[in-house]
Amino acid sequence: MIFLIVVFFSMVSCSSHRKIAKNDQQPKLCLSMDLLDTSPDSLRMDPFQIDSLRIEEQCLDIFVSYGGGCGEVRFNMYYTQKVQHSFPPQTTLYLAFEDNDHCRAIERKKLTFDLSPLSNYADNGGIWLNIAMEGQHRILYQNTP
């Protein structure tokens, strides 16, 4: 009889724990992009590499690698209001990197940026996001019904 009571309370506590874990999920947090109102040539672009791109929950995830490991670094994403009217349309994003780090270890980082300034295009068939760098880095941003 005691065994049955222990099993019962174990099952009840497990099921309530699962409910709490499900309700604890929070939306993904992503950094805002800034509107670029000057020339892209004015942005600080220390060396870095884009390893991959992905879009998840209306955020652009950019996986980067760069030399560093012992100082301060800063990434900022910029967008413009210039859109090429192709099918689907396309625009260029600028990822600025400021490296105040003299170390040489290879660092890897995931950057996450909010795509809401471009959501109107995503809702209407999508938009190609071209990341301005050497090499071709682009991803299609579209909302699927």
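**Stop one: the open sheet**

Select Leu53: opposite this residue, in β3, stands Ile62. A word on the source: this is a predicted model, where local features need pLDDT of at least 70, side-chain atom pairs count only at pLDDT 80 or more, and totals for chains, interfaces and linings use all residues. Residues are numbered from 1 along each chain as its sequence is written, and side-chain values use heavy atoms, with hydrogens and water left out.

Strand labels here are DSSP runs numbered from the N terminus (helices are H or I with at least four residues, strands E with at least two). Now show β2 together with strand β3 (residues 59-68): the two pair in the antiparallel sense over 7 bridges. Pairing requires at least two DSSP bridges between two strands.

The 3 strands make an open sheet, ordered β2-β3-β6, with antiparallel pairing. β2 and β6 (105-114) stand at the edges with a single partner strand each, so one side of each has no neighbour in the sheet. From one strand to the next the twist averages 20°. Axes for such angles are lines fitted to C-alpha atoms (for helices over the stretch in contact), and the angles run from 0 to 180 degrees between N-to-C directions.

**Stop two: the disulfides**

How many disulfides does a search of the whole structure find? There are 2. The criterion is a pair of cysteine sulfur atoms within 2.5 Å.

Pick Cys30 and Cys59. Their disulfide has an S to S distance of 2.1 Å. The torsion about the S-S bond is about -50°, so this disulfide is left-handed. Cys30 sits in the loop between α1 (2-23) and β1, and Cys59 in strand β3, so the bond ties together parts 29 residues apart in sequence. Check accessibility next: under 20% relative accessible area is buried, over 50% exposed, and in between partly exposed (1.4 Å probe, protein chains only). Cys59 is buried at 1%, while Cys30 is partly exposed at 25%.

Move to Cys70 and Cys103. Their sulfur atoms are 1.7 Å apart. Here the S-S torsion is about 100°, so the disulfide is right-handed. Cys70 is in the loop between β3 and β4, Cys103 in the loop between β5 and β6, and 33 residues separate them. Both are partly exposed: Cys70 at 42% and Cys103 at 26%. Counting bonded cysteines along the chain, the pattern is 1-2, 3-4.

**Stop three: the aromatic rings**

The structure holds 5 aromatic pairs. Rings of Phe, Tyr and Trp (its six-membered ring) pair with centres within 6.5 Å; planes under 30 degrees apart are stacked, over 60 edge-to-face, the rest tilted.

Select Phe48 and Phe97. The ring centres lie 5.6 Å apart and the planes meet at 70°, so the pair is edge-to-face. Phe48 is in the loop between β1 and β2 and Phe97 in strand β5, 49 residues apart. Phe48 is buried at 13% relative accessibility, and Phe97 is buried at 0%.

Phe75 belongs to strand β4 (residues 72-79), 22 residues from Phe97 in strand β5. Phe75 is buried too, at 8%.

Then jump to Trp128. The charged end of Arg138 sits over its ring, 3.9 Å from the centre. The test is NZ of Lys or CZ of Arg within 6 Å of the ring centre and within 35 degrees of the ring normal.

**Stop four: the salt bridges**

A salt bridge needs a side-chain nitrogen of Lys or Arg within 4 Å of a carboxyl oxygen of Asp or Glu. The count comes to 5.

Select Arg44 and Glu98, a salt bridge at 3.5 Å, N to O. Arg44 lies in the loop between β1 (34-35) and β2 (49-56) and Glu98 in strand β5 (residues 90-100), so the pair ties together parts 54 residues apart in sequence. Arg44 is partly exposed at 38%, as is Glu98 at 22%.

End on Arg54. Its salt bridge to Glu56 spans 3.9 Å, N to O. Arg54 also forms one with Asp61, the closest N and O atoms being 2.9 Å apart. Is Asp61 buried or exposed? Asp61 is buried, at 0%. Elsewhere, salt bridges that share partners join Arg44, Asp46, Arg74 and Glu98 into one network.
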